[in-house]
Amino acid sequence: MIIEPKIRGFICTTAHPIGCAVSVQRQIDHVVVKGAVESARKRVLVLGCSTGYGLASRIVNTFGSGADTVGVSFEKEPSESKTGSAGWYNNRAFEKRAEAAGRIAVTVEGDAFSDAIKADTIAQIREHLGQVDLIVYSLASPVRTDPKTGEVYRSAIKPMNNAVTSKTLNTGTGEVSEVEIQPATDEEAAATVKVMGGEDWELWIAALSEAGVLADGFVTLNYTYLGSELTWPIYHKGTLGRAKGDLDRAAAAIRKQHGADSAYVVALKAVVTQASSAIPVVPLYGTMLIKVMDEMGLGEGTIEQIDRLFRVKLQAPVALDDENRVRVDDWELSKTVQDEMTYRWPLLSTETLANLADLDKHKAEFLRLFGFGLGGVDYSADLDPRTVG
Ligand code: NAD
């Protein structure tokens, strides 16, 4: 079949096998041309390994530091007539390239929140790595089934306490409008913490510890977004921010049990991923951030951020903020960038968008998440969706 993008709201329901492979290869190239990334941690577990920041973390550790990896992600397999998820193609493309480079790359596909997938992952670690010395937690999910009670929790991305009115962008049409977002109920806020807070991270570390597969001196990272005042009403001070705040609690609990250097929350910049596309207001902020940071020569995408995290920020001595977090959002939140963002924000409208923000690049980055719009790919080719690139 000829595989084309089918966009429904903020997701694309198709993915291109060859395009996804080219995108993985480009990320590998980005790391390889910059040279080796120093790290003693050669046995790595990446939770949420197939797209976005998790995939970039797996790539940097494998191709920068020569690590062997076990990855976990949730995917849809392709069939003869339907494409798989972008993450499925990314996983296959990554494994193929990692193995060609002489690295172990094992992927477990299923619900990382479940006890069964934790047990399966531990079995894979035992068999292929023995133990792990780095665990990257990069899951982003709208739903979680509590493994103990079977209860299903859904996150709600809403403000706390009061309704918030903000500008927002229809990325399909380029229309900037005002939205009013009603505040979350207490139940919705609690459910969001259940899904995106630190509980599952702690359960993973406890399960790995109990199974004896955590190496002495291991470190675990979990990714957060703090952002600036422009997004605080919907993000940092909303339900998601509350859930992310719970990561700081969980990190402290892991450090108490496993040592002062065992767990860090890492604050990253806003980039275009499947998860960030679903958050109201963030795509508008993101399109303007791309333009402002590019103009200042500070532009970074997903792989650039994670490369800088491991190549620079995690090299000893690791600098931490007052909350013990590693900050790779320093350029986004620098005064120069935020002064310009704050100046432009009130001027944003459907008419001014093209001058003040970069919707074309944002759209192109979104399509690339699904393997579309990459140079050198023949998009008119008749392909079996089960092709591995
Ligand atoms: P993403 O959507 O690209 O990746 C999410 C990953 O989680 C995928 O590999 C997916 O398969 C996996 N996943 C989802 N549900 C799962 C489940 N039940 N079981 C197993 N795997 C599952 O998201 P992302 O934007 O890379 O987000 C990763 C982390 O980075 C999140 O904690 C997010 O808050 C954080 N972060 C993102 C941004 C941003 O702008 N995108 C900024 C700062 C921090």
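1. The accessible surface of the protein chain in this predicted model comes to about 16600 Å². Carbon and sulfur atoms account for 51% of that area. As for the interior, buried residues make up 54% of the 389 residues in the chain.

2. The secondary structure of the protein chain consists of 13 helices and 13 strands. The chain has a radius of gyration of 20 Å, close to the 21 Å that the globule rule gives for 389 residues, so it is as compact as a globular protein of that length. Taken along the principal axes, the box filled by the C-alpha atoms is roughly 60 × 50 × 45 Å.

3. The contacts within the chain may be described by sequence separation. Among contacts with a separation of 6 or more, 78% are accounted for by residues 24 or more positions apart.

4. The ligand has 29 residues around it, and those that come nearest are Ser 50, Tyr 53, Ala 112, Lys 244 and Thr 273. By residue class, the shell divides into 13 nonpolar, 12 polar and four charged residues.

5. Three elements each supply at least two residues of the shell around the ligand: helix H2 (52-64), strand E11 (214-224) and helix H8 (274-277). Helix H8 gives the most, with three residues.

6. For Gly 48, a polar backbone atom is 3.4 Å from a ligand oxygen. On its own the ligand has 830 Å² of accessible area, and the protein covers 92% of it.

7. Leaving aside neighbours within four places in sequence, Arg 92 is in contact with Thr 107, Glu 109 and Val 388.

8. A cis peptide bond joins Ala 316 and Pro 317, with omega at about -5°. Pro 317 is found in the loop between helix H10 (302-313) and strand E13 (326-327). The reader may wish to view this loop together with the next point.

9. Asn 324 is placed in the loop between H10 and E13, the loop in which Pro 317 is found. Phi of Asn 324 is near 70°, a positive value in a residue other than glycine. With a relative accessible area of 33%, Asn 324 is partly exposed.

10. Asn 161 likewise has phi near 70°, a positive value in a residue other than glycine. The place of Asn 161 is in the loop between strand E8 (152-154) and strand E9 (164-170). Its relative accessible area is 66%; since exposed means over 50%, Asn 161 is classed as exposed.

Technical notes: Residues numbered from 1 in each chain as written. Predicted model: local features only at pLDDT ≥ 70, side-chain atom pairs only at ≥ 80, totals over all residues. Heavy atoms only, no water. Near = heavy atom within 4 Å. Polar contact = N/O pair within 3.5 Å; in protein donor to acceptor, adjacent residues only side chain to side chain. Areas by Shrake-Rupley, 256 points an atom, 1.4 Å probe, with all protein chains shown as cover. Helix = DSSP H or I, 4+ residues; strand = E, 2+ residues; numbered from the N terminus. Nonpolar A, V, L, I, M, F, W, Y, C, P; charged D, E, K, R; others polar. Rg over C-alpha atoms; globule rule 2.2 N^0.38 Å. Buried < 20%, exposed > 50% of the residue type's maximum accessible area, 1.4 Å probe, protein only. Contact = heavy atoms within 4.5 Å.
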